[in-house]
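Subject: Structure handover

Hello,

Here is the structure I said I would pass on. My notes on it follow below.

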Amino acid sequence: MADDNPRPSKRLKREFSPDVLPAFSSQSTLTTPPSSDPSLPTTPALKPLPLQILLLSLPTLLALPPNHANYAQSLVLSSHALRQCLSLPALSPEIECRAWCGLAEIGMRVIGGGFSEDERYPWARDVEAEVDRAMSKATIIAQKHPSLRSLRVHLSLLQVQLSQWQDKTKFARTQIRNLISSLRPMDSPSVVYSAHLAAISLYAAPKSVSASSSSSTAHSSPFTNGLQDVQAALSAVQDMEAFSLEHGHTRITLLAQVLRLRIAVAASMWQDVASAIAKVESALGLSYDPPTTPKPRQTEAATPATAKEASFVFFESPFEAAMAVHALIMTVNYFTHMGSAAETAPRLSHLHALLDSCVLEKFADGTVEVKFADGPPLVMQVTHPRLLFLLGFLVSSVAKRDVLGRKPRRKVFAAEGLSAWDREIAQAIVLPLCASKLDFEEIEQRLVRVKGDLLCELIAVSIMRSEFDVAEQNLNILISHTRTYSIFPIFAARIALHQAHLAHALNQTTRALSCYRIAAHLAAQDKFVRLSAQAGEVIMLMGLESGKENDAEPETHGVVDRKGAMNTARACSAAGGALEAVGQVVEALVSSETLRSKEHLKHSLELATRAQDNYLRAVLVALVAAHYFHTAWDYAYKMLLTCEQLAAGLGAPASKNSVTQTPTAVGNARLGLWVGQKFLELYKRAGKDERVQKQIVANQRLEEAVIALAARGDIGRAGKTADG
């Protein structure tokens, strides 16, 4: 008979293993010792970790990204743990060497973060001496034990970096050459390529680069030391590419080709950029067909957007994706600089397609790796995805040269880029643990500069579209932004050039000439800004000589130096791209021969049309029409019609219902009035009385806009005089 009320079973006695007793605290209420129930799976007892191994592993466990609030504390604790490890007796050579090497690495992070020169961190004093001692100790041990050769190479790279920070550039370059020449076939590919990349970075960096220098000077543009550094960097790239081809490392070959393109673009070696682009695009499997006119008819199944997107190549590998984004940004900049809108358009569309596909999430922390069949992978830091995302807006704004219409894309991309910058800057940057505080500060500085560049684009568009209130507002924002982040010296020349263009447009002649000269003086190292300022001054002085502009006494303006103007024109023409078109305009104005002047204008018009720069095209069409006005009326009339459309589009309101009686509503008022006066003269010659009456009414509206513009310029001139 079954018992309806069985007795409870006895509790099992739990036995404790003496090996695990020290691992639990008798006072802990959150941890329960393991059971020795034979019915439960047994867990092998953990052996105590040797103290030297624990101390050596602590820096890895305590590692934090440089933008973490406790980053300094992690460096302090890591250094203390390694010092304690080195104080232990009877350490094995491997542990001792790794401890000294780790102490040197932590010290380099301290130096790079500027802690050693900050009085708020007394624990970081004399860290350079400790780093030197740690490197010496570790190198001696690594030399005695062949199994530690990889650490020896790593120590050599640290020594090269420290020498560069200490302004020992020649010594650092000698060290890296000796290191590369001492590499052996037994060394892993990651070690070899790390040495080659260090050499490329060393040659591409300015000579005076120190960890403690300010971000505005430490991260200046590369190749400030002349052609010798450029050739040395290209030679280092060639050596790395040759090694990768010999061993069949295709991704390293692609990296070398992208680096060669980067060096050529940074050094303005435009004659070598085209071949470098061809190699990179071939390695990535990219090919582009320039857009045709008229465009081919699309099928009903595929829209133009989907058909274009389907033809683009997408990448699954984070490394290839990163290389593709970098290459596309550089190629878009190159073809924009060369004034080829047909070559720029498909590459910019591909860049947009990649960014829209969230390709930047494949390397969210800014690191990519290349795996090899033998040895550890090569981990590299690339341009941070947040910076690439904002650069997409900037590159798009620069590439879209056309400022006509109600919503020109150049203005839209610049405005959207500024909105995206405000959103992104409020979020924390995801960084890898291997990043240093110097890397974090560099990313922040580049983000700050990107906003300045976007503001410059918005200012330029506003001036060209006669939106002068918007231009002045953004100029004030740009000045405030650059002063807040201590980058005003970097943007001073461009700010002066924008002020000159704004004053020129408002007929503030004296101020415009002063700003042109200041911009040319400040832009000693910036060839584009310097030549733009010099060309602007020449064009304004020639206009003053012709008696078309005059807001001050003639003797205060100066006269045009014909020889200097011709030198400026030739320098602009030699620079290529947009400056070449400007140089042709200056040569046409300086030339005393009508036929030669027409040839220069024709060539400049071809360049402007090829670049889709309708702002410059409007000016050129007006100059061409003036040349043919008295000799070929029919041709001049056609050119004036084109110029009238272009002038009206320079400042069209955002919508048809927003038309007001401001100068903005009529586009470029001065150019429009000049065209209207020419039309009126032609209609009078032809005896078209009805057209004459209509043109008189249209000219009256344009005259009112010009008068309002002149009044605004007088107010601005009076305000500047009062401030002075």
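Among contacts in the protein between residues at least 6 apart in sequence, 65% join residues at least 24 apart, where contact means heavy atoms within 4.5 Å. Please note that this is a predicted model, in which local features need pLDDT of at least 70 and side-chain atom pairs count only at pLDDT 80 or more, while totals for chains, interfaces and linings use all residues. Residues are numbered from 1 along each chain as its sequence is written, and side-chain values use heavy atoms, with hydrogens and water left out.

Overall make-up

The secondary structure comes to 28 helices and two strands. These elements are DSSP runs, numbered from the N terminus: helices are H or I runs of at least four residues, and strands are E runs of at least two. The protein has 724 residues, of which 45% count as buried. Buried means under 20% relative accessible area, exposed means over 50%, and partly exposed is in between, with a 1.4 Å probe and protein chains only.

Nonpolar cores

A nonpolar core is a set of buried Ala, Val, Leu, Ile, Met, Phe, Trp, Tyr and Cys residues joined through side-chain atoms within 4.5 Å. The largest one holds 68 residues, and Ile176, Ile252, Leu261, Leu284, Phe319 and Met323 touch the most other members. Helix H13 (residues 318-337) gives the most to this core, with 13 residues. Apart from it lies another core of 36 residues, including Cys97, Ala99, Cys101 and Leu162. As for Leu261, leaving aside its neighbours within four places in sequence, its contacts are Val273, Ala276, Ile277, Val280, Ala327, Met330 and Thr331.

Helix H5

Helix H5 (residues 149-165) has 17 residues and reaches 25 Å from its first C-alpha to its last. That is close to the 24 Å expected at 1.5 Å a residue, the expected span being 1.5 Å times one less than the number of residues. Its buried residues are Arg149, Leu151, Val153, Leu155, Leu157, Leu158, Val160, Leu162, Ser163, Gln164 and Trp165. They pack against helices H3 (93-112), H4 (127-144), H6 (169-181), H7 (189-204) and H17 (437-464). Just after H5, aspartate 167 takes a positive phi of about 65°.

Two helix pairs

For the angles below, axes are lines fitted to C-alpha atoms, for helices over the stretch in contact, and angles run from 0 to 180 degrees between N-to-C directions. H13 packs with helix H15 (residues 385-399) at an angle of about 20°, and their axes are 10 Å apart. H13 is therefore roughly parallel to H15; angles under 35 degrees count as roughly parallel, over 145 as roughly antiparallel, 65 to 115 as roughly perpendicular and the rest as oblique. The contact involves Val325, His326, Ile329, Val332, Asn333 and Thr336 of H13, and Leu388, Leu391, Val395, Val398 and Ala399 of H15.

In the other pair, the axes of helix H21 (residues 527-545) and helix H22 (residues 562-575) come within 10 Å and cross at roughly 140°, so H21 and H22 are oblique to each other. On the H21 side, Lys527, Leu531, Gln534, Ala535, Val538, Met542 and Glu545 meet Arg562, Ala565, Thr568, Ala571, Cys572 and Ala575 in H22.

Two histidines

Histidine 350 lies in helix H14 (residues 341-356) and is buried, at 1% relative accessibility. Leaving aside its neighbours within four places in sequence, histidine 350 is in contact with Leu286, Tyr288, Phe312, Val313 and Leu328.

Histidine 498 lies in helix H19 (residues 488-505) and is also buried, with a relative accessible area of 11%. With neighbours within four places in sequence left aside, histidine 498 is in contact with Cys456, Ile459, Ala460, Ile463 and Leu475. Histidine 498 and isoleucine 459 are 39 residues apart in sequence, and their C-alpha atoms are 7.4 Å apart in space.

Positive phi in two loops

Alanine 90 is not a glycine, yet has a positive phi of about 55°. It sits in the loop between helix H2 (71-86) and H3 and counts as exposed, at 81% relative accessibility. Cysteine 358, also a residue other than glycine, has a positive phi near 60°. This cysteine 358 is found in the loop between H14 and strand S1 (367-370) and is partly exposed, with a relative accessible area of 41%.

Regards
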